[in-house]
Amino acid sequence: MNFQEVCGKLEKWAGKPLEPIILDEAEIFCFFLKGPYRHRFTPGDTGARKVQLDWDRAEAFVEQVKNQAEPDVHIFYMEGFESGVEVAVGQSDSKYDILCWAKTDGSNYDIYTYDLICELKKIEEKYGELEFLQATYDSLELGLSRLPEDYSEFIYDLCGFCPDLRAQMFHEEEDLIEYIRENHSVPLWWD
């Protein structure tokens, strides 16, 4: 399915129009304070779309459509609420644009979107392909293509740019290891 087909299907599932994901000049400047990534975006409509669905419908949609989408179509969860979650769809040759659409950063640790992209690319080189399952302004859920051989080293590498992983989310390493094993994913959060 191409981008337009996925958007059309999501709109039918939602029963309402999709909302544009918009970036303003200040957001672009902050996200890409460092590095050459800034040229990829201009202020305004990013072309990506989102809509809120209840959790069950959102999960059913993503499960049904994600594997049918063309490689340049990215489907992911954004903000979660008690009543549901935003499902987002964007088209790009880089999955890292998901972080831009979601405005993900760890600015309270002086980690901006570009920094985060650089760190995640290092993690991918060392541990294998990552999938962005959920992205918000201050959190990520990373799907892992394979489980790490050395969990302690993997967690140490993640905590290097996401200290809240151990400081606030998982106080015991064993709890985090169990989460990773069960879910084949790892949550990151910058509070």
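## Strand S3 and histidine 74

Strands are DSSP runs of E of at least two residues, numbered from the N terminus. In this predicted model, strand S3 spans residues 73–81, and histidine 74 lies within that strand.

Histidine 74 has a relative accessibility of 11%. Because buried means under 20% relative accessible area, histidine 74 counts as buried. The side chain of histidine 74 comes to 3.0 Å from the backbone oxygen of serine 92. Leaving aside residues up to four places away in sequence, histidine 74 touches Ala88, Val89, Gly90, Ser92, Ser94, Lys95, Ile98 and Trp101.

## Helix H5 and aspartate 115

Helix H5 covers residues 113–127, and aspartate 115 lies in this helix. With a relative accessible area of 15%, aspartate 115 is also buried. A polar atom of the aspartate 115 side chain lies 2.8 Å from the backbone nitrogen of tyrosine 112.

## Packing of H5 against H6

Two packed helices are described by the angle between their axes and the distance between the axes. Helix H5 packs with helix H6, residues 151–159, at an angle of about 165 degrees, and their axes are 10 Å apart. Angles over 145 degrees count as roughly antiparallel, so H5 is roughly antiparallel to H6. The crossing of the two helices is right-handed.

From H5, the residues making the contact are Ile123, Lys126 and Tyr127; from H6, they are Glu153, Phe154, Asp157 and Leu158. By type, four of the contact residues are nonpolar and three are charged, while none is polar.

Conventions:
Residues numbered from 1 in each chain as written. Predicted model: local features only at pLDDT ≥ 70, side-chain atom pairs only at ≥ 80, totals over all residues. Heavy atoms only, no water. Axes fitted to C-alpha atoms, helices over the stretch in contact; angles between N-to-C directions. Helix = DSSP H or I, 4+ residues; strand = E, 2+ residues; numbered from the N terminus. Parallel < 35°, antiparallel > 145°, perpendicular 65-115°, else oblique. Left-handed = near helix turned anticlockwise from the far one by under 90°. Contact = heavy atoms within 4.5 Å. Nonpolar A, V, L, I, M, F, W, Y, C, P; charged D, E, K, R; others polar. Buried < 20%, exposed > 50% of the residue type's maximum accessible area, 1.4 Å probe, protein only. Polar contact = N/O pair within 3.5 Å; in protein donor to acceptor, adjacent residues only side chain to side chain.
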